[in-house]
Amino acid sequence: MKNKVLKLIVVVFLSLFYLSACSSKEKAGLKITDKPETRTESLLHTVVQLSIYHEHQEKAMEDALDYIKDMEALLSTNLEGSDVYKINHAAGKEAVKVQKETFDIIEAALTMSERSQGKFDVSIGAVSNLWKIGDTDARIPEPQEITSALNNIDYRRIKLDDKNQTVFIEDGMTLELGAISKGYIADGVKKVFEKHGITTAIINLGGNVLVMGTSPKSKDGWTVGVQNPDAVRGETVGSVKVIDSSVVTSGIYERYLKGPDGEIYHHILDPKTGYPVENNISGVTVYTKTSIQGDEFSTSLFLLGIDEGLKLVNETEGVEAVFIDKDGGIHLSEGLKDRFELRNEDYHIVD
């Protein structure tokens with residue numbers, strides 16, 4: 001693939017620097033303030049930023065960060081003792097009893113695999129471990145390596161035992177939950193905040209954005225946009241106002257491998273071919289109520305392509321999506337056609 005890498009990020013306009021000095025409002029017993037308490041940490045192999053729009057919520061912030069660290073230890077592919085590590089090292093030998101969180105994530109992944117016609121497949125690890133895109137030892141695998149690894153990719157061979165809460169995979173298979181775990185964790189952080197009575201916050205796990213409530217500045221919601229994929233950060237293509245929603249993006253950005261001839265290999269691998277998927281999408285942004293649903297849909301839609309992806313979204317209640325193609329076309333799901341605001345004249349909405 002010789003296309004230039006298009007950097008695509010979800011841009012959340014928090015209006016932090018533009019809010020007037022209005023008085024705090026009362027809601028659910030906690031004051032909502034213009035100026036949030038914000039913490040930024042390097043976790044989950046990305047930058048995590050949590051913003052709480054209530055005063056004196058240091059304990060809630062610490063509990064949320066502790067939760068993220070616990071989940072990272074539970075779901076890590078490489079950390080010895082994690083559930084995923086134990087499953088992969090017991091492949092073909094025995095079923096592994098796992099924590100409820102791990103079981104729930106894998107169960108949700110298998111459901112999405114069925115809906116996406118196998119495009120979404122957490123057994124992709126057999127191939128992604130060859131490429132290691134995003135790591136310092138990333139490389140281009142030999143064709144015979146990929147051909148061999150494809151024999152070990154098939155979500156239907158992942159066996160779950162609900163009664164005993166165990167997971168079994170066949171010899172040679174490798175699970176990789178990176179395409180769905182951040183969404184699950186974002187939803188978990190929201191639950192931590194809710195236990196503390198928090199109603200207004202922004203959870204950003206490296207592009208998995210979940211907003212709680214509405215912006216202190218506007219009852220109409222937070223303004224969430226998709227950046228112009230061919231410009232510097234901050235220049236958007238369009239935006240949508242959302243309340244209490246998740247926004248997740250997948251695209252050929254940030255994680256990629258450049259071959260010796262200058263060819264670019266991005267990290268979104270097709271489980272059917274073992275190579276980075278090739279289509280006309282530069283990015284897809286998904287709007288859902290839960291972040292785990294946004295996570296699994298964003299990857300699936302990128303792999304399905306614009307036509308099949310829009311069909312799936314329009315058939316699914318509570319899910320909307322924006323596709324940007326490499327020719328500057330913006331493709332909207334039915335529920336966004338009256339809500340999406342185009343901000344860049346270099347792009348055009350495709351009917």
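Author: Helices (H or I, at least four residues) and strands (E, at least two) are DSSP runs, numbered from the N terminus. Thr 40, for example, sits in strand 3, residues 30–43. This is a predicted model: local features need pLDDT of at least 70, side-chain atom pairs count only at pLDDT 80 or more, and totals for chains, interfaces and linings use all residues. Residues are numbered from 1 along each chain as its sequence is written, and side-chain values use heavy atoms, with hydrogens and water left out.

Reader: How many helices and strands does the protein have?

Author: There are eight helices and 19 strands.

Reader: What share of the contacts comes from residues 24 or more positions apart?

Author: Count contacts with a separation of 6 or more. Residues 24 or more positions apart account for 62% of them.

Reader: Where does Leu 303 lie?

Author: Leu 303 is in helix 7, residues 291–304. At 7% relative accessibility, Leu 303 counts as buried. Leave aside neighbours within four places in sequence, and Leu 303 is in contact with Lys 119, Ile 268, Leu 269, Asp 270, Pro 271 and Val 277. Leu 303 and Ser 116 are 187 residues apart in sequence and 8.8 Å apart in space, C-alpha to C-alpha.

Reader: Which residues touch the most other members of the largest nonpolar core?

Author: First the general idea. In soluble globular proteins, nonpolar side chains tend to be buried together. A nonpolar core is a set of buried Ala, Val, Leu, Ile, Met, Phe, Trp, Tyr and Cys residues joined through side-chain atoms within 4.5 Å. Here the largest core has 67 residues, and Leu 50, Ile 68, Ile 158, Phe 193 and Leu 301 touch the most other members. Helix 1 (residues 58–75) gives the most to this core: nine residues. At least three residues come from each of domain 1 (78–168) and domain 2 (218–349), with domain bounds taken from an automatic or database domain assignment.

Reader: Which residues does Phe 193 touch?

Author: Residues up to four places away in sequence are not counted. Phe 193 then touches Leu 50, Ile 52, Ala 60, Ala 64, Ile 198, Ala 201, Ile 203 and Met 212. Another core, of 20 residues, lies apart from the largest one; Val 242, Val 322, Ile 324 and Phe 340 are among its members.

Reader: At what angle do helix 1 and helix 6 pack?

Author: Axes are lines fitted to C-alpha atoms, for helices over the stretch in contact, and angles run from 0 to 180 degrees between N-to-C directions. Helix 1 and helix 6 (residues 181–195) pack at about 150°, with their axes 9 Å apart. That makes helix 1 roughly antiparallel to helix 6. Angles under 35 degrees count as roughly parallel, over 145 as roughly antiparallel, 65 to 115 as roughly perpendicular and the rest as oblique. The contact includes Ala 60, Tyr 67 and Ile 68 of helix 1, and Tyr 184, Gly 188 and Phe 193 of helix 6.

Reader: At what angle do helix 1 and helix 3 pack?

Author: Helix 1 and helix 3 (residues 100–115) pack at about 70°, with axes 10 Å apart. That makes helix 1 roughly perpendicular to helix 3. Met 71, Leu 74 and Leu 75 in helix 1 meet Glu 101, Thr 102 and Ile 105 in helix 3.

Reader: At what angle do the axes of helix 7 and helix 8 cross?

Author: They cross at roughly 140° and come within 6 Å, with helix 8 being residues 306–314. That makes helix 7 oblique to helix 8. Phe 297, Leu 301 and Leu 304 of helix 7 make the contact with Ile 306, Glu 308, Gly 309, Leu 312 and Val 313 of helix 8.

Reader: What is phi of His 45?

Author: Most residues other than glycine have a negative phi. Phi of His 45 is near 60°, a positive value. His 45 is in the loop between strand 3 and strand 4 (46–54). At 84% relative accessibility, His 45 counts as exposed.

Reader: Where is Asp 244?

Author: Asp 244 is in the loop between strand 11 (236–242) and strand 12 (246–251). Asp 244 has a positive phi of about 50° although it is not a glycine. At 27% relative accessibility, Asp 244 counts as partly exposed.

Key: Buried means under 20% relative accessible area, exposed over 50%, partly exposed in between (1.4 Å probe, protein chains only). Contact means heavy atoms within 4.5 Å.
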